[in-house]
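I am opening a notebook on this structure. These entries record what I looked up, topic by topic.

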Amino acid sequence: MLDPSIAAQLKRDDRGLVAAVVQQEGTGEVLMVGWMDDEALHRTLTTGRATYWSRSRQEYWVKGETSGHRQWVRSVALDCDGDTLLVTVDQEGAACHTGDRTCFEANVLLAPAVD
């Protein structure tokens, strides 16, 4: 069960979920965005393995449990509004289900200008 003092700080959507932005420890690279409910956050905090709620499959999944591309949790922070988590991890392999390092490599909409 999630610590009540943590649960009281969360602002969940209508499905009871909070967005979790996942960042690589050390580099700050944004790897992916997942969704957590109270139980997924509890599992993440107590096991050190990133656990999410799959909106499509309607079940919990531990990142890398089947792919081997594990996320070892280094820290979890809650934003000032209480509606987004920042999960800092040590990522093994690809973070994206497509096999890309991050979920943000394939569809760059605006790239920095080159001088």
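**Terms and model.** I call a residue buried under 20% relative accessible area, exposed over 50%, and partly exposed in between, using a 1.4 Å probe and protein chains only. The model is predicted, so I kept its limits in view: local features need pLDDT of at least 70, side-chain atom pairs count only at pLDDT 80 or more, and totals for chains, interfaces and linings use all residues. Residues are numbered from 1 along each chain as its sequence is written, and side-chain values use heavy atoms, with hydrogens and water left out.

**Sheet.** I took helices (H or I, at least four residues) and strands (E, at least two) as DSSP runs, numbered from the N terminus. Two strands pair if DSSP finds at least two bridges between them. I then looked up the sheet. It is open, has four strands in the order S2-S1-S6-S5, and its pairing is mixed. S2 and S5 stand at the edges with a single partner strand each, so one side of each has no neighbour in the sheet. From one strand to the next, the twist averages 30°. For that angle, axes are lines fitted to C-alpha atoms (for helices, over the stretch in contact), and angles run from 0 to 180 degrees between N-to-C directions.

**Strand pairs.** I checked S1 and S2 next. They run antiparallel and are joined by six bridges. Val21 stands opposite Val33 in S2. S5 (residues 71-78) and S6 (residues 84-91) also pair in the antiparallel sense, over seven bridges. Here Leu78 faces Leu85 in S6. The hairpin of S5 and S6 has five residues between the strands, and Gly82 in this hairpin takes a positive phi near 80°.

**Core.** Which residues touch the most other members of the largest nonpolar core? I counted as a core a set of buried Ala, Val, Leu, Ile, Met, Phe, Trp, Tyr and Cys residues joined through side-chain atoms within 4.5 Å. The largest has 18 residues, and Val22, Met36, Tyr52, Leu85 and Val87 touch the most other members. Strand S1 (18-24), strand S2 (30-36), helix H2 (38-47) and S6 each supply at least two residues of this core. Leaving out residues up to four places away in sequence, Leu85 touches residues including Leu10, Val18, Met36, Leu41 and Val76.

**Cysteines.** I searched for disulfides, meaning pairs of cysteine sulfur atoms within 2.5 Å. There are zero. Cys96 is in no disulfide, and its nearest cysteine sulfur, that of Cys103, is 3.5 Å away. Cys96 is buried at 9% relative accessible area, whereas Cys103 is partly exposed at 36%.

**Salt bridges.** I used this rule: a side-chain nitrogen of Lys or Arg within 4 Å of a carboxyl oxygen of Asp or Glu. The whole structure holds nine. Glu25 and Arg74 form one of them (3.6 Å, N to O). Glu25 is in the loop between S1 and S2 and Arg74 in S5, so this pair ties together parts 49 residues apart in sequence. Glu25 is partly exposed at 39% relative accessibility, and Arg74 is partly exposed at 43%. Arg74 also meets Asp90 in a salt bridge (3.6 Å, N to O). Asp90 lies in S6 and Arg74 in S5, so this pair ties parts 16 residues apart in sequence. Elsewhere, Asp13, Asp14 and Arg15 are linked in a network of salt bridges. Between Arg15 and Asp13, the closest N and O atoms are 2.9 Å apart.

Methods:
Contact = heavy atoms within 4.5 Å.
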